[in-house]
Amino acid sequence: MAIAEKSPQPKTNRYKAEPSVLTALRTPRILTREVLAGLVVAMALIPEAIAFSIIAGVDPRVGLFSSFVMAVTIAFVGGRPAMITAATGAVALVIAPVARDYGMEYFIATVILAGAFQILLSVIGVAKLMRFIPRSVMVGFVNALAILIFTSQLPQLLGVPFLVYPLVAGGLLIMIFMPRITKVIPAPLVAIVVITVVTVLMAINVPTIGDQGELPKSLPELLFPSVPLTWETFTIIAPFALGMAMVGILESLMAAKIVDEVTDTHSNKTREAWGQGVANIMSGFFGGMGGCAMIGQTMINVKASGARTRISTFLAGVFLLVLVLGLGDVLAVVPMAALVSVMIIVSVLTFDWHSIRPSTLKRMPKSETTVMVATVIVIVITHNLAIGVVVGVIIAMVAFARRVAHLATVERTLSLNEGQAPTAYYTVTGALFFASSNDMMTQFEYADDPERIVIEMSGSHIWDASTVATLDAITYKYERHGKHVVIEGLNEASTLLHARLAGNLGGGH
């Protein structure tokens with residue numbers, strides 16, 4: 001008899017980008033889309049980089065150079081194609097005290113050390129922790145980000161000439177209706193060009209990019225911070241560097257996860273984590289302020305402009321440098337109203353409107369809605385995405401622990417068969433851990449039970465030492481009443497844990 005041999009299935013790379021860079025380079029339509037998307041992002045990066053430099057307390061050129069270096073670097077080493085990395089507000093807030101209290105040299109050293117920390121964190125597997133972030137936290141993160149993107153535009157809409165408002169409205173109309181006509185040219189780019197031409201031809205006096213700060217006139221230079229290489233220096237900058245590293249990785253991995261969902265693709269989170277580290281180290285050595293993934297600009301690139309490859313990320317950095325160095329005078333006349341209209345559309349596209357529909361809120365468990373709302377509130381108040389995510393995860397963990405704790409039950413039956421010793425049977429079901437096992441202590445009738453007690457646990461599972469300690473305490477309380485306890489029905493994993501810890505936790509003996 002012939003035996004059919006099953007041929008091995010070829011392994012597929014789940015992180016393979018589609019379209020690839022080579023495909024984009026060979027396809028004029030895709031390449032055009034990537035190039036124009038990079039140009040739009042570069043324009044949007046300039047006022048942001050200048051604003052974040054001000055937050056960090058450094059010269060605007062520091063933020064611009066950082067955005068250029070990081071965008072170009074991450075295009076090669078990052079794990080999420082089409083994601084934009086540059087100077088960000090979250091990172092600026094964390095390391096601003098260094099520039100203020102210790103000066104630029106310590107500031108740059110902090111950025112380099114933060115990059116090294118990020119590489120170390122990626123090696124020990126911090127990216128895998130993303131699986132523990134619940135969907136409700138993700139939704140809250142996205143909604144809070146959309147709100148922050150919108151509110152960050154308010155300074156450009158308050159106390160400005162009246163003509164700013166029709167210009168912003170015009171930009172919004174272009175971006176709403178342009179995609180219905182053609183998607184070959186990104187609607188944000190058309191809006192920026194049209195509004196700029198209108199303001200120049202009609203000599204409309206409104207705030208421009210040039211009003212935001214001085215643009216650099218020369219290329220960034222490679223440098224090494226002149227700080228003492230001592231333990232004292234390390235103790236000064238390490239806390240800020242670690243904070244920057246954690247915020248940068250968290251924000252970048254959250255951004256990567258969002259882009260994965262938008263594009264229906266997978267990305268290598270571990271590679272993205274160490275890629276962020278490499279980009280920050282490069283930024284530091286070129287005098288930059290460091291940063292992380294920018295969700296607003298990434299949404300412009302991926303959602304508004306349709307980019308999908310590393311080409312758009314690379315060109316965003318290149319165009320940024322070309323614009324500020326070669327076309328600084330032209331760029332300076334671009335009205336802020338044009339960029340504000342782009343960012344408003346981005347905030348609208350970013351917000352998860354489905355999450356706040358009455359029908360959704362009615363179906364969703366209250367604990368899920370609470371986690372989402374709490375995440376939004378904390379992020380909006382602190383302006384720190386990382387803090388909001390951590391708080392959201394903690395609330396979600398507490399809510400989950402409370403919900404699971406109620407699933408553990410204890411049922412008592414009494415056996416009084418003739419010829420057998422009276423026996424109290426306790427049937428325990430559910431997941432037993434610190435939250436559920438603590439309540440178990442109160443569900444036994446220590447004084448009234450007969451001399452033999454059987455605790456049947458085939459329908460339960462022991463997850464932690466708290467449960468073993470509780471079982472020890474229950475056994476000890478019965479022994480004090482002169483009664484004997486038998487624990488039976490444990491599954492293999494629970495038996496091993498119970499055998500290893502029982503009687504060794506100091507609970508009552």
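Which residues form a nonpolar patch on the surface? In this predicted model, local features require pLDDT of at least 70 and side-chain atom pairs count only at pLDDT 80 or more, whereas totals for chains, interfaces and linings use all residues. Residues are numbered from 1 along each chain as its sequence is written, and side-chain values use heavy atoms, without hydrogens and water. The patch consists of V193, V194, V197, V198, L201 and M202, which together have about 530 Å² of accessible area. Accessible areas come from the Shrake-Rupley method with a 1.4 Å probe, and for residues only the protein chains shown count as cover. V197 belongs to helix α8 (residues 187-201); helices are DSSP runs of H or I with at least four residues, numbered from the N terminus. With a relative accessible area of 41%, V197 is partly exposed, a class that lies between buried (under 20%) and exposed (over 50%).

The largest nonpolar core contains 122 residues, and I46, F107, I133 and F141 have the most contacts inside it. A nonpolar core is a set of buried Ala, Val, Leu, Ile, Met, Phe, Trp, Tyr and Cys residues joined through side-chain atoms within 4.5 Å. Helix α9 (residues 231-263) supplies the largest share of this core, 15 residues. Another core, of 21 residues, lies apart from it and includes F444, I453, V485 and L490.

Helix α11 (residues 295-304) is mostly covered, with eight of its ten residues buried. Among the elements covering these buried residues are α2 (28-56), α6 (135-151) and α9. G306, which follows α11, has a positive phi near 80°.

How values were computed
Patches are made of residues with over 30% relative accessible area and no salt bridge: like charges are joined within 9 Å, nonpolar side chains (Val, Leu, Ile, Met, Phe, Trp, Tyr) within 5 Å. A salt bridge is a side-chain nitrogen of Lys or Arg within 4 Å of a carboxyl oxygen of Asp or Glu. Helices (H or I, at least four residues) and strands (E, at least two) are DSSP runs, numbered from the N terminus. Buried means under 20% relative accessible area, exposed over 50%, partly exposed in between (1.4 Å probe, protein chains only). Contact means heavy atoms within 4.5 Å.
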